[in-house]
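Subject: Structure handover

Hello,

Here is the structure for you to take over. My notes on it follow below.

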Amino acid sequence: MKPSVKSILLGSACAVAALSFAHSAQAWTLQQAAAPYKGETVTVVGLDRPSYKAAQKLTPEFEKETGIHVKWVIYPYENTLKAETLNFVSHSGQFDAILSDVVWPVDFTKANWVTPIKDFMANKDLADPDIDIKDFFPVWRHAFTIKGELVGLPFDSYAGLLYYNKKILKEHGFSSPPTTWDQLLTVYAPKMYDPSKNLYPYALQSARGETQTADSFTRFLWPWGGRYFDAATKKITLDSPDAIKGEAFRQKLIKFGPKGIIADDHSQVVQLMGQGQVAMVTEWSAFYPTLIASKAGPDIGVTTEPAGPKGQYSAFGGFAYMVSAQVPKKTQDATWLFIQWLTSKSMAKPLLENGAVVARASADTDSALQAKFPYLAPMVTTWEHGSVPDWRPQIACYPYFSELVSEYGSDIETGQYTVPAGMKKLTGKLQHYMNSTGCWNSVNVPKH
Amino acid sequence: MTDPTSPEVRLPRLRKWEPWFFVGPSLILLLAVGLYPTIFVAYFSFHSWTMGMGPPVFSGFENYVETLTSSDFIDSLLRTFIFLIVTLPIELFLGLSIALALDQTRNAWLRRLVQILLVVPIATTPSVVGMLVQLMFNTQLGVVNYGLHVLGIGPVDWLGNAHAALGMVMMTQIWEWTPFVALVLSASLATVPQDIEEAITLETESFWARLRYIKLPFLRPGLVASIVFQTIFTIKTFDMIYSIEKGGPGDATQMIALHIERIAFRGFDVGLASAESVLTLIVTIVLAQSVVTFLYKDEV
Amino acid sequence: MGKQRILSLFHGLFLAFIALIIIFPFYWMIASSLKTENQIFQLPPVWLFKPHFASYAAAIVNDNILRALLNSVIVTVGAVVLGVAVGAPAAYGLARYKFRGSAQIQFWYVTNWMLIPVVVLIPFYLLAADLRMIDNPIMLILIYQTFVVPLVVWLLVDQFKAVPIALEEAALLDGMSKFGIFLRITLPLTIPGITVAAILAGIFAWNDLLYAFILTPGTDARTAPTVMMSYLGGYIIPWGRVMASAVMITGPVVIGGIAIHKYIARGLTLGAVK
């Protein structure tokens, strides 16, 4: 008997309905998404820091699940940008997953060296529906949003924190750490300064290079109301009274520090703290494990950085992963799958437990993890209330800009220039540099 | 470079191309490897090109003008000169002293020891030396300041004070290269013919007379070689200073090689860096040439 | 005689002082490589302590130092062999022949030598990238010729001049070819000089940092000094590991240098003709 048209239609409708149900019930899995890319090799840029070590440790999980081989290339921080830039300029296709410091995204996106994230997010086969971008802290999303678009997935994220030696503080009559810089300088510092006993209240890492710019100079700029520039008027504003006030404060503060601190980098300052010679340091959250393991470890407490007269602006730094636009599409897709996996919500906890620092709110605000890692709570507070995404300028010519800041910043710190004279000179140099390179056209002013 | 005091000794040339047979391979190799970067650098010195900010654009002498009017380049160059002018004479004086001391007959085992040890600083990787210096000269935690403390001298801020840092870098350079000078001069002294030495010992007891009239002519090629080598090495110095403090504090120890590295790899300004290196190359060549000419000017 | 004794004393003190200045940093390096991290920074310094080899283990395991050392050996030996193979004949040609262009050629060699690595890095890198030769040791071997060949030529020209011409003339009369003379008469007589040139060139090639760092950045291909550079950029400088690596990096070169120290005097006789 011939089936009626109606029954055929009904049957087809049912079949289609059944099929579509089956399709949507079949959730996105990494394994499925990676199937076409089995056998691909993805080269990832990393640093010699705990987060990347943790990532490398967990990478075999990804490889097993996807059949994609991941090759890590480790660079010293100071040379990462050099290596990546040379790679792009020469089209050598050396790297697939590009590591971007929070100050480099303008560089990479302006020259179209990286593929926009949205391209991958729009691809149903590649995009994990569970990616939950909003789970990244707002300050991190904004830091990597250029011209309104997210350009990287945050990984290895830091906040500046105040580490203090509870024992030393107690011995000098303090039961809690300072909450403002003024307090630290006027109340705490004088009591704990005793060079004859090799005891200093505070040490500021100031070594030439990015340390001087980020850790020393910028730290004493924002909390006093100083700003690097006004993008609208294209003027460098480091010679403003607020900026000068901030850096002048720094000069007063380092008088209480050990001699020679100007040349000390993270390594030396952490050593000093670990040996019990210094009572307080403001260092990156990433140093928590090292400090805890040092000689003074059991006495070390951690909290948010002190606030300045014009607000709380803690040191802000970190990285994100992007996909190179100069490698074949297939490799790009495989790379996307990797960085998506690495920065996913589900990987945040295992990474944390292996020593990494990630900007996933779900993991960082987990009470069990916070209890286990005491630095998480102040870090979260800092990101939520005490950081701005463009704490360091987001401009295409940041590297040399930073070099100039680093040079004059340390010259001011050693006293080679008075603060007003030095700031004026630096302003002039930066203004000339920004003007002559046309960098003003690509300044990124992220949401705060 | 060929020493004018030695007699020109030549073999009859049977075929015209003979010398080229010998010299050829090295020439081809160096032309292939060395010519490309030299031309590249010369070419881009006339272009405006910052990596990542657009393609190269011809800009004539703009880079040269900016280099010569920028205080940073001039400062770094001057600093490198001061570095050279201070370290070179000390290296020569110390090196000569060591060489003369080794030429004596006393204290044989000590001489053997020093002779062996002279190779050590030259062989040491400069970046390793820099790291060692960073460790030993740290103001708070370094062993050098501890030593000074024991002698009653207050802590010197080696790494934090601009002048002390420059001094420290100079001392390190002298430590690294004086042995080389000592070796070269020691070898030169070894070429003084035995019979002349014996003859003059009978003539005069004066150490200085012996030094001046007999040994000096034999020392001269070694001295010239040392000066030229040291000039080149010093201007190229990078690794050691970089690993101590990257040119800091401020720019107290920023020599020309470090300065160019910043322009090239922080500013990514290939055009400007190229112009600066062309200028530096010219200065180096002029320096080396004038040294050779000056020291041989009384020869035919 | 009293005067001689005093002179000997001063002589001895001077040499002892020199020896001490050279040895002390080395002692410090080796000692630090055997201390724990806390001991390294302890003041007063710890002079007697139990050696602790964890730093070496860490350097080998963490930083792949053995592979880096192997790469250094490959590159250094390759560069020296090529440089001497090409430079020795060149030095001979310059020593024995007077021809047009010889001064210019020498000038070109020295100019090569004066190229500041930092600058030529960019063109070399771009070239290597184009030829897909990043992380390839051959690239380094070739680039090192810019300083190996000039050094070899400089040192050997006078060595060859010092060989008595009579020997060569005699061989010529016997009907030997020019190259034959070079190979069988001149070269054997200048082995000490060639050895010195080779070792000196080897030292410079081994110690090169900048070229190696940019052109062989990969963890598998990199050379030993670049491991030192990578320590600089870490957040924490693991001083124990740094010193352990330093010992392993400088060890071979220093030992090599000491082994030939006897030849150095003979090999560095510049412009001296007996």
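Strand S1 (residues 41-47) of chain A and strand S2 (residues 69-75) of chain A run parallel, joined by seven bridges. Strands pair here if DSSP finds at least two bridges between them. S1(A), helix H3 (residues 50-66) of chain A and S2(A) form a right-handed β-α-β unit. Right-handed means that, with the strands pointing away from the viewer, the path from the first strand over the helix to the second runs clockwise. Helices (H or I, at least four residues) and strands (E, at least two) are DSSP runs, numbered from the N terminus. S1(A) is mostly covered, with six of its seven residues buried. A residue is buried if 20 or more other C-beta atoms lie within 10 Å of its own, exposed if 12 or fewer, and partly exposed in between; the C-beta atoms are placed from the backbone.

Some ground rules. The model is predicted: local features need pLDDT of at least 70, side-chain atom pairs count only at pLDDT 80 or more, and totals for chains, interfaces and linings use all residues. Residues are numbered from 1 along each chain as its sequence is written, while chains are lettered from A and ligands numbered from 1 in the order in which they are written.

Next, strand S13 of chain A.

S13(A) covers residues 316-324, and nine of its nine residues are buried, so it is largely enclosed by the rest of the structure. Strand S3 (residues 97-101) of chain A pairs with S13(A) in the antiparallel sense, over five bridges. There, A:Ser100 has A:Ala320 as its bridge partner. Strand S7 (residues 153-165) of chain A is also antiparallel to S13(A), with six bridges. In S13(A), A:Gly317 stands opposite A:Tyr158. S4(A) and S13(A) run antiparallel too, joined by two bridges.

A:Thr115 sits in strand S4 (residues 114-115) of chain A. Its bridge partner in S13(A) is A:Val323. Is A:Thr115 buried or exposed? A:Thr115 is buried, because 22 other C-beta atoms lie within 10 Å. Leaving out residues up to four places away in sequence, A:Thr115 touches A:Val323, A:Ala325 and A:Gln332. Contact means that two C-beta atoms, placed from the backbone, lie within 7 Å. A:Gln416 is 301 residues from A:Thr115 in sequence, and their C-alpha atoms are 45 Å apart.

Now two helices.

Helix H19 (residues 398-413) of chain A has 16 residues. Its end C-alpha atoms are 21 Å apart, which agrees with the 22 Å that it should span at 1.5 Å a residue. The expected span is 1.5 Å times one less than the number of residues. Since 16 of the 16 residues of H19(A) are buried, it is largely enclosed by the rest of the structure. Just after H19(A), A:Gly415 has a positive phi of about 90°.

Helix H5 (residues 102-114) of chain C has 13 residues. H5(C) reaches 19 Å from its first C-alpha to its last, close to the expected 18 Å. Its buried residues are C:Ile105, C:Tyr109, C:Asn112, C:Trp113 and C:Met114.

On to whole chains.

Chain B has 13 helices and two strands. Of its 300 residues, 51% are buried. Its C-alpha trace spans about 75 × 70 × 30 Å along its principal axes. Chain C has 14 helices and zero strands. Of its 274 residues, 52% are buried. Among contacts in chain C between residues at least 6 apart in sequence, 80% join residues at least 24 apart.

How do the chains meet?

In one contact, 89 residues of chain C meet 85 residues of chain B. Helix H1 (residues 2-33) of chain C gives the largest share of the chain C side, 16 residues. That side has 65 nonpolar, 17 polar and seven charged residues. Ala, Val, Leu, Ile, Met, Phe, Trp, Tyr, Cys and Pro count as nonpolar, Asp, Glu, Lys and Arg as charged, and the others, Gly among them, as polar. Another contact takes 26 residues from chain B and 27 residues from chain A. Its chain B side divides into nine nonpolar, eleven polar and six charged residues.

Best wishes
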